Amino acid sequence: MTANLVNVLMGGVFHAAILFLVAAGLQLVFGVQKIFNLACGSFYALGAYTGISAVAYFTGHGGPPILFVVPLAAGGLAVGLVGLVVERGLLRFVYDRDETFQLLLTFALVLMLEDVIRLIWGSAPASTGGLYLAYGQARLLGATVPVYNLIVIAASLSIALGMGFLLTRTAFGRIIRAAADNREMAEALGVDMRWVYARVFTLGTMLGTLGGALVIPATAAMSEMGIELIVEAFAVVVIGGLGSMRGAFLGALVVGVLRSVAISVYPELEMLLIYLIVIAVLLWRPRGLFGAATA
Amino acid sequence: MATTRRDFLKVAGVAATVGAVGFPAVARGQAKPGVPSDPVKIGILAIRAGIAAPVGQAGLRGTEWWVERVNKAGGILGRPVQLVVEEESTPKDTVERYRKLILQDKVEVVIGGISTGVTLALGPVAEEMEVPWLSWDGTTQKGVEETMPNPKWAFRSVDNEVEAIVAGQLTPKYFKGVKTVAGIGNDYSYGHDCWETYQAVLKRYIPDVKFVLELFPKLGVTDFTSHIAAIQQAKPDLLMCSFWSGDATIIMKQAAAVGLFKSMKGVFTTAGGVHDSLKKEFTPEGLLLGYNTMYFDDPKGSPLLKQFVRDYKTKYDGYPPYECDHAYFNIESYKAAVEKAYATAGKWPSKVEVVRALEGIEVESLSGKRSWRPDHVQMCNFYQGVTTHKNSYDFVTINPIEVVSTKIAMKPAGSKLIEWINSWKI
Amino acid sequence: MRTPLALGVVSAAILVLPLVVPPYHATLMLPFMAYGVVLLGFNLLFGYTGLVSFGHALFIGIGAYAGAVLTTKLGVRHMELILPVAALAAALAAAPVGALCVRYVKIYFGMLTLAFGMVFYTFLLKFYRLTGGDEGMRMLRPSLFGSEWAGFNKTAYLVGPYYYFSLAVLVVATLVMWRIVGSPFGLCLKTIRDNPLKAESLGVSVPRYRWYAFMISAVYAAVGGALLAPPTGNVDPTLAYWTHSGNVVFMVLLGGFASFFGPLLGAFAFIFLQDTVMSVFPYWRLIFGAILAFIVIVAPGGLMGLFARRGPVEVSRR
């Protein structure tokens, strides 16, 4: 039945839209700084909780509920600036270290952020209540789809296009790609890597926090949501190829849709499937779909 | 070095405990004859992180409320109560904290324990350490049959399938014409046990019922759109869901977004755990909703319950879930047991005497009368009902309310669950 | 390296500890000894071969579950039998997993091991009819040195025969590892870590030697895992979760990966730190994260790096 197919696909694409945002942040940071940010899930969680608080503040002070997306996205983006603090305050000390230490520093961040979130927001699940349904539903080929989901998918797509534009058409984008390809050459050509790193990491973080904020009306913010997400985000970048933005996009689609299909066809596989795919990709084509060739 | 560390720990432990409990007003120096005057130390195991953190928090809050009131009234037999709180996390780490409470902090009793893996590990340890352990929650069939067949020191919670049994008994009463059923639960023992139990019960009432789909997303999943799509595809007459945390809210929201419950009935056995997040905007009327052992808005509720709900709202700006009742009952029953044993012994009772006094004891808990069966299992009432929007809150409540006692809904001592269900006379 | 005198003092202290220290602290030494074994093996892979595994909890889990299966399902209670079986199970698992993983380095190795670890975790959780799922499996009290120690209650058993048994295992494990790192094999590993190309040119097969190191570290992890289980009495999937692997890495860094005894110090420090902080401060993860960050940034050589009078620890990229 087309309605069922649409439901399965839309579910997968919605999930992929969120995954893409987090994965794009991961890719950006890895591509330029060669750091795999384990804390991307924690930033996602941070964006989620901040988004809820922003919406609560907005509606509590008379803001019309129909506009809730505005404080939501704004809150999600604003808290992404934490990335700047993290980058300047912690990460920059380990740029010349072995990758392992950088990875471990991001693991330390995971631990810290988990408790920071709990300190600020407590451990009870938080949500934006019924605002999810504020935009109503649409009928798509016989299936009912919440309009909010469509908005998020559209937003994610625009951001993907925006990122593509940023990377290929702007000076900053060119610098990012140059730094990703060959850092020393870029530095030799006069690029101030400190500035680049700071902005790239902040941008990467903001993508993650925005993703967390945007997903929240459809779900709820729960303790340890970040730790759960890292595994999926990790699958996305492996499939797409470390460091590739197109890889993040396609990888997210693959993971999102495959998961959705697995749930409706063979639910027992749901969890295992992701890891098996990751292992398979890492073994047969470690650079993923679009990644650069690696050692 | 060991001495100074121990002293430091003692001081830090007391400081932390006092900090944790707030500074209870204690009527000191009123200890009864034969009773030591120093505080009675009670160990508490509460989950602080992860999915079940809100449950642990609710239990702790219920306990702290009890402690404040009891200490204001003079404590237990005049001894002030001092809580020593440790975190319940993984089974291995929690067993270590348990040992610490007993060997290091020398608590008189340990109360707490929610997750099934942890309680399963704690049972044998409690028996070995010979200190009473009263569990808030988390007992499964395996725990009953394998690890703690005849506990001496461990006091188990209610069987965790009871709410599925109650829901199974109420389903044919409220939903006529159900022929096909789908189930969704968390992918661990509780989710599986609930589904198995619900199926067994339903089959007794509707022998030709068909179970068309079962889904077990793991705990912590935050997106059920694909699961809902699968459920829609299966077109059941009824969906049974045993979620008890934030995921219940999420699935309710996502189901409302596609109008799932317009085309099928819904049974939420345990979503009462997050009842005040089930907002009217996305939670329809007409669903069967379970509140475990405590329904905060019970019109027949005692003044104790009403006071608790009031205080909870004032302090935490929310409405209490059922774990508060488990926690309250456990610590209240301990006090009652101590007092009962004191009446015969004339002095502060030994741990063995406390255990003996606990068996069969009945106390007034937040939800009404609750008791300990002689085989160390809790007895109480379960509250389930049909959701309604007719209230003054922004979330759903239930009306009518069914109150089902564990006398009917929990298997008797020594019997096996499925056999017992199949032996009912319908 | 510690002087023989320091070593002697520490050994004497550990030997008499259960007799002088309160029972609770004595029981805390048990996970220290178990993790000590795990970390000795882990550091062979990390410190000496330069590979960070984020999935070592997989082998800890294998060891623990081996013990559980043997005592509850197969009726085998002799710890002397359980340990070799755990070691064998780990070797059998590590052979294919290692063969696949060691072809990759750095991030990829870490990610691949993480994925394998989580596959095992998922397996333990999902196949609950086999493994007990989230409830796990019991591990019954094993017999040590041939005796059941039936007259001892659990606590006396743990701080008595079990303590000394674990200590014996730790000592043997340490001695064996000492021989390994001092052998030509150990030297090859160090060469591979520092300069893989040079190693290849000298005729050392880099993937093969990494594979050996991987398997040895897996065996150690399983033995440690089997030692971890009896005090708890139950094994469950959280033993294989990736954050447990993360703790292992944390311990090694805390103690100092560049020295032989660093990992043991790290295990000790971690256990006691966790015990102290957890009781006092509910937000202990914040403290631990901060400590880890501090170590990574300021003191990558860990505690041993602070004590030892060696040169700066080699941590940079090039």
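What domains does the assignment of chain B give? This note answers that below and then moves on to the other chains. The model is predicted.

1. **Domains of chain B.** The assignment gives two entries for chain B. Domain 1 covers 2–158 + 304–379, and domain 2 covers 162–292 + 380–422. Their centres, taken over C-alpha atoms, are separated by 30 Å.

2. **Where the two domains meet.** In chain B, 19 residues of domain 1 are in contact with 19 residues of domain 2. On the domain 1 side, helix 2 (53–72), strand 12 and strand 13 of chain B each supply at least two residues. That side of domain 1 divides into nine nonpolar, seven polar and three charged residues.

3. **A sheet in chain B.** As a general point, strands of a sheet pair through backbone hydrogen bonds, either parallel or antiparallel.

4. **Strands 11 and 12 of chain B.** Strand 12 spans residues 368–372 of chain B, and four bridges join strand 11 to it. A hairpin through two residues connects strand 11 of chain B to strand 12 of chain B. For a pair to look at, take B:Glu364: it stands opposite B:Lys369 in strand 12 of chain B.

5. **Strands 12 and 13 of chain B.** Two bridges join strand 12 of chain B to strand 13 of chain B, and the two run antiparallel. B:Trp372 has B:Gln378, in strand 13 of chain B, as its bridge partner. The hairpin of these strands of chain B has five residues between them. There, B:His376 takes a positive phi near 70 degrees.

6. **The largest nonpolar core.** This core has 361 residues. C:Ala222, C:Val223 and C:Leu292 have the most contacts inside it. Helix 1 (residues 2–33) of chain A gives the largest share, 18 residues. Domain 1 and domain 2 of chain B both give residues to this core, so it lies between them. Around C:Ala222, leaving out residues up to four places away in sequence, the touching residues include C:Phe59, C:Ile62, C:Gly63 and C:Ala66. C:Ala86, C:Ala87, C:Ala89 and C:Ala90 are also among them.

7. **Chain A as a whole.** Chain A has twelve helices and two strands. From the N terminus on, its elements run α-α-α-α-α-β-β-α-α-α-α-α-α-α. A compact globule of 295 residues would have a radius of gyration near 19 Å; chain A has 19 Å, so the two agree. Along the principal axes, the C-alpha atoms of chain A fill a box of roughly 55 × 45 × 35 Å. Of the 295 residues of chain A, 58% count as buried. Among contacts in chain A between residues at least 6 apart in sequence, 77% join residues at least 24 apart.

8. **Helix 3 of chain A.** This helix covers residues 69–79, and its buried residues are A:Val69, A:Pro71, A:Leu72, A:Gly75, A:Gly76 and A:Val79. What do they pack against? The partners are helix 2 (40–60), helix 4 (82–89), helix 6 (147–169) and helix 9 (193–215) of chain A.

9. **Chain A against chain C.** In this contact, 37 residues of chain A meet 33 residues of chain C. On the chain A side, helix 5 (99–121), helix 10 (225–240) and helix 12 (270–284) each give two or more residues. Helix 5 of chain A has the largest share, 16 residues. This side of chain A divides into 27 nonpolar, two polar and eight charged residues.

10. **Chain A against chain B.** This contact takes 34 residues from chain A and 35 residues from chain B. Helix 1, strand 2 (143–146), helix 10, helix 11 (245–265) and helix 12 of chain A each supply at least two residues of the chain A side. Helix 1 of chain A gives the most, with seven residues. Here the residues of chain A divide into 14 nonpolar, 15 polar and five charged.

Note on methods. Residues numbered from 1 in each chain as written. Chains lettered and ligands numbered in written order. Predicted model: local features only at pLDDT ≥ 70, side-chain atom pairs only at ≥ 80, totals over all residues. Core = buried A, V, L, I, M, F, W, Y, C linked by C-beta atoms within 7 Å. Buried ≥ 20, exposed ≤ 12 C-beta atoms within 10 Å, placed from the backbone. Domains from an automatic or database assignment. Contact = placed C-beta atoms within 7 Å. Pairing = 2+ DSSP bridges. Rg over C-alpha atoms; globule rule 2.2 N^0.38 Å. Nonpolar A, V, L, I, M, F, W, Y, C, P; charged D, E, K, R; others polar.
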